[in-house]
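Hi there,

Here is the structure I promised to pass on to you. Have a look at it first, and then read my notes below.

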Amino acid sequence: MHQIEIAEALTKAPEVAKQFWWNNRHEVPNPVEPNIYYGLTRAPDPSLSWTYYLPSMRVMDLNDIPDGFTGDTFPTSLCAGFRYIGNHHYEEIDELRAEALYTAIDRLAQEHKGRYELLDSELFFEKIDTDAYDGKYCHI
């Protein structure tokens, strides 16, 4: 679990995500989806200048995660999925690409106000299927 300043989130979150994926994920026993990465962001209080970011994988039992790792759960709910397709590797999603993605999501929510409610002040997550990269396009 990482505490990240909101102003640094677009650069810092990808850094800790890559560090987890390449250096630490192999320590997680029996992942449910070994090739899928989840980044979970929680904002404990909207007045704070930081959030918690948890680079993660799905597991069946949080009791089996190694010492030094953090487990988290959140209630199921209906949600809208946004698919990003880029002509680059998923690790090349940089600050500009991420900002454009979040801007598009915010614009959609504003256009359909009342129909969709973004919970990004409380919780949001990204899901990356690393097997979905076909050598030319990433699908997130």
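This is a predicted model: local features need pLDDT of at least 70, side-chain atom pairs count only at pLDDT 80 or more; totals for chains, interfaces and linings use all residues.

Let's start with a term: contact means that heavy atoms lie within 4.5 Å. Setting aside neighbours within four places in sequence, Ala17 is in contact with Tyr37, Tyr53 and Pro55.

Two notes on the source. Residues are numbered from 1 along each chain as its sequence is written, and side-chain values use heavy atoms, with hydrogens and water left out.

The mean pLDDT of the protein chain is 83, and 86% of its residues reach 70 or more.

Now to Phe20, which sits in helix α1 (residues 9-24); helices are DSSP runs of H or I, at least four residues long, numbered from the N terminus. Phe20 counts as buried because its relative accessibility is 6%, and buried means under 20% relative accessible area (1.4 Å probe, protein chains only). Beyond four places in sequence, Phe20 touches several residues, including Tyr37, Pro55 and Phe69.

What holds Lys12 and Glu15 together? They form a salt bridge, with the closest N and O atoms 3.9 Å apart. The term means a side-chain nitrogen of Lys or Arg within 4 Å of a carboxyl oxygen of Asp or Glu. Both residues lie in helix α1, three residues apart, about one turn of the helix. The structure holds three salt bridges, among them one between Asp72 and Arg42 (2.7 Å, N to O).

Happy exploring!

Definitions and conventions. Helices (H or I, at least four residues) and strands (E, at least two) are DSSP runs, numbered from the N terminus. Buried means under 20% relative accessible area, exposed over 50%, partly exposed in between (1.4 Å probe, protein chains only). pLDDT is the predictor's confidence in each residue, from 0 to 100.
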